[in-house]
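Reader: I have a model open and want to go through some contacts. Can you take my questions as they come?

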Amino acid sequence: MELRHLRYFRAVADWHGFNRAARALHVSQSSISEQILDLEQEIGVPLLNRSQHRVSLTPAGEIFLEEVRKVLAAADRAVDLAQRSMRGEIGSLTIGYLVWGTGAFFPSVIRGFRKLHPGIQLSLLEMLPAQQSEGLIDGSIDVGFTRPLQPPYDRQLRSEVLYLDALVAVLPSDHPLATGPLPLRALADEPFVLCDRDVSPTLFDKITSACAQAGFSPHITQTSNVLSSVLTLVQAGEGVTLIPSSLQHPLFHDLIFCPLTEPTGAVELVMAWSPEREGAVQRAFLEFMRLNKNLIRKSQTTEGEEVDGPS
């Protein structure tokens with residue numbers, strides 16, 4: 001049974017005859033008549049009462065028409081959903097984001113994309129950089145906001161830099177150097193508290209590289225796998241640290257965040273995805289991010305900047 005047969009039958013019922021149905025469908029009257037005869041033969045039931053002046057539905061035809069309307073409505077909906085899916089208007093998207101790493105723009109980005117694409121179901125997962133890379137490979141996430149990709153993932157995945165986040169020094173509020181911008185060399189004799197390299201290799205390497213450019217190797221006395229714990233240890237006077245500027249948090253009121261004068265140093269936040277798993281929904285999200293990249297960068301220095309969609 002073909003959908004064309006059902007559409008012809010519905011048209012004859014709605015227009016109460018072959019002639020008007022044929023004009024509405026822009027086909028010949030004989031074609032419609034033949035198709036409906038084929039339909040009646042296929043199901044073994046007469047659907048129409050045919051006379052010279054009038055066409056009406058048989059009792060079986062009345063019941064059949066009710067179900068035909070449901071079938072055609074479902075078929076039309078299926079076509080619409082398939083086309084919208086192809087355009088990236090509906091579907092699902094799972095996004096991994098870096099714990100304490102996405103900065104002020106992330107909530108605004110999610111709100112903006114949801115507003116522009118209400119038919120896409122978003123799921124958000126906090127994940128460390130290594131976990132995001134694995135998730136992009138195995139398909140458990142579709143897009144990741146993470147640090148620059150490490151080998152071997154840098155060859156398997158794709159990424160784009162969203163912005164460069166300047167490093168700032170973090171000192172207890174009663175530290176003698178906690179008075180404003182300072183050269184990194186001034187911290188050469190201080191104990192350092194850092195995130196474990198296994199947790200955030202990019203940040204760890206950026207810090208040690210910046211210290212090397214300043215002419216010293218940091219004396220690392222403690223590490224932690226959670227940035228909030230690193231800041232708590234600095235609060236407790238266990239040392240100093242460097243963090244991306246976007247991670248400054250008013251919750252740690254007894255810490256001072258000091259900009260670096262030289263060398264400055266910065267760490268990248270990237271948007272990563274798997275080209276092998278890239279579908280219409282991912283492409284829609286990636287394009288949304290590209291169109292809003294300037295607003296995202298501005299939001300890192302302007303509190304409350306909303307990313308509502310392309311202008």
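**Salt bridges and helix packing**

Author: The structure holds nine salt bridges, a salt bridge being a side-chain nitrogen of Lys or Arg within 4 Å of a carboxyl oxygen of Asp or Glu. This is a predicted model, in which local features need pLDDT of at least 70 and side-chain atom pairs count only at pLDDT 80 or more, while totals for chains, interfaces and linings use all residues. Residues are numbered from 1 along each chain as its sequence is written, and side-chain values use heavy atoms, with hydrogens and water left out.

Reader: Which residue does Arg-290 meet in a salt bridge?

Author: Glu-160, at 2.7 Å from N to O. The pair links distant parts of the chain, with Arg-290 in helix 10 (residues 280–291) and Glu-160 in strand 6 (residues 158–172), 130 residues apart. Helices (H or I, at least four residues) and strands (E, at least two) are DSSP runs, numbered from the N terminus.

Reader: And what does Glu-160 do with Lys-293?

Author: Those two form a salt bridge as well, with the closest N and O atoms 3.6 Å apart. Lys-293 is in helix 11 (residues 293–299) and Glu-160 in strand 6, so this pair ties together parts that are 133 residues apart in sequence.

Reader: Is Lys-293 buried or exposed?

Author: Lys-293 is buried, at 17% relative accessible area. Arg-290 is partly exposed, at 33%. The cut-offs are under 20% for buried, over 50% for exposed and in between for partly exposed (1.4 Å probe, protein chains only).

Reader: Which residues are linked in the network of salt bridges?

Author: Glu-160, Glu-287, Arg-290 and Lys-293.

Reader: Where do Glu-67 and Lys-70 lie?

Author: Both are in helix 4, three residues apart, about one turn of the helix. Glu-67 is partly exposed at 39% relative accessibility, and Lys-70 is exposed at 52%.

Reader: On to packing. At what angle do helix 1 and helix 4 cross?

Author: Roughly 125 degrees, where the axes of helix 1 (residues 3–15) and helix 4 (residues 59–86) come within 10 Å. Axes are lines fitted to C-alpha atoms, for helices over the stretch in contact, and angles run from 0 to 180 degrees between N-to-C directions. That makes helix 1 oblique to helix 4; angles under 35 degrees count as roughly parallel, over 145 as roughly antiparallel, 65 to 115 as roughly perpendicular and the rest as oblique.

Reader: Which residues of helix 1 meet helix 4?

Author: Leu-3, Leu-6, Arg-7, Phe-9, Arg-10, Ala-13 and Asp-14. Among their partners in helix 4 are Phe-64, Leu-65, Val-68 and Leu-72.

Reader: How do helix 1 and helix 3 pack?

Author: Helix 1 and helix 3 (residues 29–43) pack at about 110 degrees, with axes 9 Å apart. They are therefore roughly perpendicular to each other. The contact involves Arg-4, His-5, Leu-6, Tyr-8, Phe-9 and Val-12 of helix 1 with Ser-31, Ile-32, Gln-35, Ile-36, Leu-39 and Glu-42 of helix 3, contact meaning heavy atoms within 4.5 Å.

Reader: Last one. Where is Thr-94?

Author: Thr-94 is in strand 3 (residues 91–98), and is buried at 17% relative accessible area. Leaving aside neighbours within four places in sequence, Thr-94 is in contact with Ser-123, Leu-125, Ser-140, Ile-141, Asp-142 and Val-143.
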